[in-house]
Every structure is written in C-alpha cells, then in structure tokens.
Amino acid sequence: LPAGDHTLSWVFARDAASTGTSRVRLDAVSVTTATVPTVTTAAASNVSGSGATLGGEVIADGGRTVTERGVVYSTNPEPTLTNAEKLTDSSAGTGIFSVVAATGLTEGTTYFARTYATNNLGTAYGAEIVLTTDTNVVFVEGLAILERGIRSGDTHRFLFILGGPRV
C-alpha cells in the first residue's frame, strides 16, 4: 500500500459444514486510499462594480467528510487560504455551492479566484478564474479618460455615464 490514510473493509462469510459445526472465512478485503477533496470552480456571475457571485462544486470528498468549502480571491494570482480573502459557504459536504462577495470589491479591479474544500487530510483548490469588476466611465464635456491593462481570459464591462447637458 502507498503511504497515507486508507479505509480497510472486509466481509466474512459463514460456512455450515456437514458435521454441524460452522466456520467463518474471510470472503473479501478492499482498501480505499483517502485523499483531499476534488473541487471545480464556476465562472463568476452577477459581476458589478463592487461585488460578484462566485462558487463551484465539491465533486468528491476524498473518502473523508468535507468540513469547510468556499472561495478564496485576491488581486494576485493563485490565491490560497493563507494569502487571500476567504468567502466560506454556510454548508459543508459535496455538491454545488455559491457565495456572494456583495461588497468590498473595488471598481475596475482584476481579481483571481478559486474554490477550495477541506477535509481532515488537507485542502484542495479548484482552477483559478479571473474577473474584473465593472468600471463606471464618466464623460465630462464629451471626454472620458481610462487606462486599463487587459489580461488574457479576462472580461471587462464598462458602464458609460453621460454627464452634462443633452443637445
């Protein structure tokens, strides 16, 4: 067996001998290796200037109970529980979930996010997604100035606000 936590299962069968005595024999043995959970990250939805809905799915618990699941996000790539903001789902276990970063995000900022799930063997992370909060672009006297770097795979949404008199 490889090193690690394992679940050992066995089945006994009882044989009745013709002599009237019964014997117990080991019928089957199986070993299952326990692992950290398996998770996926869903695309961000309901993105606004200050928030977004994030989530994913815990596909498998790794043979142990999932005690915590949620999303980590940061303005830096590869967010983890130790270097990013954490949004914890109110339930645990397997299945689809979502959490809402309703406030606290900065307008026009690019964030990196991914799901996580934890069992007693450790924490696993889903794939990273990139999202950028909406940007309000205000025109003053017909001019709007905006500088923004665009990253591969990122989606930008601009909300144009026309100010001043209408002609």
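**Exercise 1.** Does Glu128 count as buried, partly exposed or exposed, and at what relative accessibility?

*Solution.* The model is predicted, so local features need pLDDT of at least 70 and side-chain atom pairs count only at pLDDT 80 or more, while totals for chains, interfaces and linings use all residues. Residues are numbered from 1 along each chain as its sequence is written, and side-chain values use heavy atoms, with hydrogens and water left out.

Start with the scale: buried means under 20% relative accessible area, exposed over 50%, and partly exposed in between (1.4 Å probe, protein chains only). Glu128 has 32% relative accessibility and therefore counts as partly exposed.

**Exercise 2.** Place Glu128 in the fold and describe what surrounds this residue.

*Solution.* First, Glu128 is found in the loop between β9 (122-125) and β10, where strands are DSSP runs (E, at least two residues) numbered from the N terminus. Next, leaving out residues up to four places away in sequence, Glu128 touches Pro77, Glu78, Pro79, Phe112, Ala113 and Arg114, contact being heavy atoms within 4.5 Å. Finally, a polar atom of the Glu128 side chain lies 2.4 Å from the backbone nitrogen of Glu78.

**Exercise 3.** Find the aromatic pairing in the structure and state which elements the pair ties together.

*Solution.* Rings of Phe, Tyr and Trp (its six-membered ring) pair if their centres lie within 6.5 Å, and planes under 30 degrees apart count as stacked, over 60 as edge-to-face and the rest as tilted. A search of the whole structure gives one aromatic pair. Its members are Tyr73 and Tyr111, which are edge-to-face, with 6.0 Å centre to centre and 75 degrees between the planes. Because Tyr73 lies in strand β5 (residues 68-74) and Tyr111 in strand β8 (residues 110-119), the pair ties together parts that are 38 residues apart in sequence. Both Tyr73 and Tyr111 are buried.

**Exercise 4.** Describe the setting of Thr133 and the polar atoms around its side chain.

*Solution.* Thr133 belongs to the loop between β10 (129-132) and β11 (135-139), and at 0% relative accessibility this residue counts as buried. A polar atom of its side chain lies 2.5 Å from the backbone oxygen of Thr106, and for the backbone nitrogen of Thr109 the corresponding distance to a polar atom of the Thr133 side chain is 3.0 Å.

**Exercise 5.** Which residues have the most contacts inside the largest nonpolar core?

*Solution.* A nonpolar core is a set of buried Ala, Val, Leu, Ile, Met, Phe, Trp, Tyr and Cys residues joined through side-chain atoms within 4.5 Å. The largest one has 18 residues, and Leu54, Ala113 and Leu131 have the most contacts inside it.

Technical notes: Helices (H or I, at least four residues) and strands (E, at least two) are DSSP runs, numbered from the N terminus. A polar contact is a pair of N or O atoms within 3.5 Å; within protein, one must be able to donate a hydrogen and the other to accept it, and residues adjacent in sequence count only if both atoms are side-chain atoms.
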